[in-house]
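Here is a friendly walk through one protein model, from its rings to its pocket, its sheet and its charged pairs. Have a look at the structure first, and then read on.

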Amino acid sequence: MQYAVGAPLPPPRGPLHTQGAGMSMNWTPHPGQPHPPRAPHAPAVPPPPPAPPVPAAPGLGGWPAPAPHQAPPAAPHPSSPTPHSGDITGHIQLPPGALVPVPSNATPDAAHAAVAVLLIGPAGAGKTSVARHWADTRRVPTAHISLDDVREWVRAGFADPQSGWNDHSEAQYRLARRTCGFAARNFLANGISCILDDAVFPDRPVVGLGGWKRHVGPGLLPIVLLPGLEVVLERNARRTGNRRLSDEEVARIHGRMAGWYGSGLPIIDNSQHDVATTVRALDEVVARGLASPPSW
C-alpha cells in the first residue's frame, strides 16, 4: 500500500488507549477481527503466613522491643596469658618476685647477664651519672630507673624532703619505690636489665633495703657508691633546683652513709674515678655478685 506525501494516514483498525506512564493498553478489536490470544495466567502464589505477633515492650508506646544482640564469645588469642592470681603486665606474666636466673653451667658476665642493680649513695656521689652511663654502654638492653625522677612525677603537691621529712613525703617516697620496683620487674620479665639509684640509709629500715627487695625481688644486687665528703660537696655545688642541698645536709647524709661499711655490701669509692672508670668498676662488682650473690 502506498500513500501520497502529505496525505493523512488512515485511522487505526482499532482504538488504542493509553493510561499514564505505565502504557496500560485496552485493546478494542475491529469488527471481523478475532480477539488476540491471551497470555496464560500464572498460577496463583499463596500469600506468606503472617508473622507471629511480637509483644510490645512496656513503656515504649507499643513498639516491639528489638531482640537482644548476642555476639558469639571471642576465641582467646594464642599470645594471651592464662588468667591467674599473679601480676600480669602487657602480654608477659611477671615472675613471682625473682629475677631471671643465670644458667648454672654459664659463667656470669656482667656485660651480658640480665640483672637488676640498686646503686646506693649520698647526694653528690654520682649515682645518676654512673647508672645512666652503665645502662647506655651495656651490650644487652638495659634501663635506668631513677627514684628521684619518679618522685618528681608528682608536680602539684610534691612533698619536697628539703622542707622536712614527714608522713606526706614518706608516703610519696613509698609510692615512688613501688612504682620503680614494678617497672624493674616488668623490664626483667621482658628480658631487659635495669639499674636503679636511690639514697638508701643503713639506719632507716622503714625506707631501706627491705622495701626494695620486696618490690623488685631477692635477686636485686645492692651496690654502694661512696666517695669522700669533699667530692660530694663539690658535686652538690654544681647542682640546681631542688636537687641541690645545703652543705650541712650533704655532710649529714654522707655521715649516715658511712654505716654501710661493715654491712657486707660492696662499696665503690669513686673519689678519684671519672664516670667511665666507675662504670668499669661497677661491671666487676656486678660480675662478682652474679657469681656469689650477697646475703642481705
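## Aromatic rings

Rings of Phe, Tyr and Trp (its six-membered ring) count as a pair if their centres lie within 6.5 Å. This is a predicted model, and a search of the whole structure turns up zero aromatic pairs.

What lies over the face of Phe-201? Arg-256 does, at 3.8 Å from the ring centre.

## The largest pocket

In general, rolling a probe the size of a water molecule over the atoms shows where empty space is left. Here the largest pocket holds about 1100 Å³ of space. Its lining is made up of 46 residues, and those closest to the pocket centre are Ala-123, Asp-148, Ala-199, Arg-239 and Leu-245. By type, the lining residues split into 18 charged, 16 nonpolar and 12 polar.

Which helix gives the most to this lining? H1 does, with five residues. At least two lining residues each come from helix H1 (127-137), helix H2 (147-151), strand E7 (193-198), helix H6 (247-257) and helix H7 (275-291).

## The sheet

Strands of a sheet pair through backbone hydrogen bonds, either parallel or antiparallel. In this model, five strands form an open sheet in the order E6-E7-E5-E8-E9, and their pairing is parallel. Strand E6 (142-146) and strand E9 (267-268) are at the edges with a single partner strand each, so one side of each has no neighbour in the sheet.

Further in, strand E5 (residues 116-120) and strand E8 (residues 221-225) run parallel and are joined by four bridges.

## Salt bridges

Side chains of opposite charge can pair when their charged atoms come close. With a nitrogen-to-oxygen limit of 4 Å, the model has five salt bridges.

One of them joins the side chains of Glu-170 and Arg-174, at 3.1 Å from N to O. Both residues belong to helix H3 (residues 167-189), where Glu-170 and Arg-174 are four residues apart, about one turn of the helix.

Definitions and conventions
Residues are numbered from 1 along each chain as its sequence is written. This is a predicted model: local features need pLDDT of at least 70, side-chain atom pairs count only at pLDDT 80 or more; totals for chains, interfaces and linings use all residues. Side-chain values use heavy atoms; hydrogens and water are left out. Rings of Phe, Tyr and Trp (its six-membered ring) pair if their centres lie within 6.5 Å; planes under 30 degrees apart count as stacked, over 60 as edge-to-face and the rest as tilted. A charge sits over a ring if NZ of Lys or CZ of Arg is within 6 Å of the ring centre and within 35 degrees of the ring normal. On a 1 Å grid over the protein atoms alone, a cavity is a set of points where a 1.4 Å probe fits but cannot get out, and a pocket is an open set with protein on both sides within 12 Å along at least five of seven lines; lining residues have an atom within 4 Å of a point. Grid points are joined across faces, edges and corners, and a volume is the space filled by probe spheres set on the points. Ala, Val, Leu, Ile, Met, Phe, Trp, Tyr, Cys and Pro count as nonpolar, Asp, Glu, Lys and Arg as charged, and the others, Gly among them, as polar. Two strands pair if DSSP finds at least two bridges between them.
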